[in-house]
Amino acid sequence: MVNDVLVDDIAFAKETTLTKPLSLLGYGCTDLEIHFLQIKHTAIGVYFEPTVVDHLQKWKGKSGKELAEDDEFFAALASAPVESVVKVVVIKEIKASQYGTQLEGAVRDRLAAVDKYEDEEEAALEKVAEFFPIKYLKKNSFFTFKFFASGTAEITMTTEAKEDSKIEVGNANVVEMIKKWYLGGSRAVSPSTIECLANNLSAELSK
């Protein structure tokens, strides 16, 4: 599609839909440094209801650079009661379980830091980690994290162009920290995605 946004030759549509239409507001990559080379592993697209800007009016007039450095802004973005989707597409073949382990560790650390890692969270997080299989995922396989306004989430895995599996995540604390792994400002997994979100939301807020 002509209107798609390309991230390292991975195409992201400018819109997607949960129960409402969502707009692509940010995109970027995750990478690892191996022997001094930056190896891109995944491409990320972040979609929100356009009404998310109604919850961010406090930052109206701020530049993209100012927003990118403001963790309070990204906390407000992550907690806005609107639907959002984070689509994570494989660029370089990875083992799904490695990705799941990385996600599990990041979410556990975040929960522990705010003293919210109880038995319920541990059980919910274990289920999420088990969702990611041991098999390798080829380029263009993808995960879709669907975040609902109710505070619940659904994760799906799509390989060979078909949806393979899905899991519901009902624990609000776990859902919040998964979202913050991608949208947590200075602590987010993809600085390029955060920078892009900041620039695009700055432009949306100035309208």
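Seven residues, Tyr99, Phe131, Phe132, Phe143, Phe145, Trp181 and Tyr182, come together as one aromatic cluster in this predicted model, where local features need pLDDT of at least 70, side-chain atom pairs count only at pLDDT 80 or more, and totals for chains, interfaces and linings use all residues. Numbering runs from 1 along each chain as its sequence is written, and side-chain values rest on heavy atoms, with hydrogens and water left out.

The structure has 9 aromatic pairs (rings of Phe, Tyr and Trp, the last by its six-membered ring, with centres within 6.5 Å; planes under 30 degrees apart are stacked, over 60 edge-to-face, the rest tilted). Tyr99 and Phe132 make a tilted pair, at 5.6 Å centre to centre and 55° between the planes. This pair spans 33 residues, from helix 3 to the loop between helix 4 (119–131) and strand 8 (136–137) (helices, H or I of at least four residues, and strands, E of at least two, are DSSP runs numbered from the N terminus). Tyr99 also pairs with Phe143, this time stacked, at 4.9 Å and 15°. Since Phe143 sits in strand 9 (residues 142–147) and Tyr99 in helix 3, the pair ties together parts 44 residues apart in sequence. Tyr99 is buried at 7% relative accessibility, Phe132 at 3% and Phe143 at 1% (buried is under 20% relative accessible area, exposed over 50%, partly exposed in between, with a 1.4 Å probe and protein chains only).

Phe145 turns up again in the largest nonpolar core, which has 53 residues; Phe145 and Val52 touch the most other members (a core is a set of buried Ala, Val, Leu, Ile, Met, Phe, Trp, Tyr and Cys residues joined through side-chain atoms within 4.5 Å). A second, separate core holds 13 residues, among them Val5, Leu22, Val89 and Ile91.

Thr51 counts as partly exposed because its relative accessible area is 37%. Thr51 and Pro81 are 30 residues apart in sequence and 9.8 Å apart in space, C-alpha to C-alpha.
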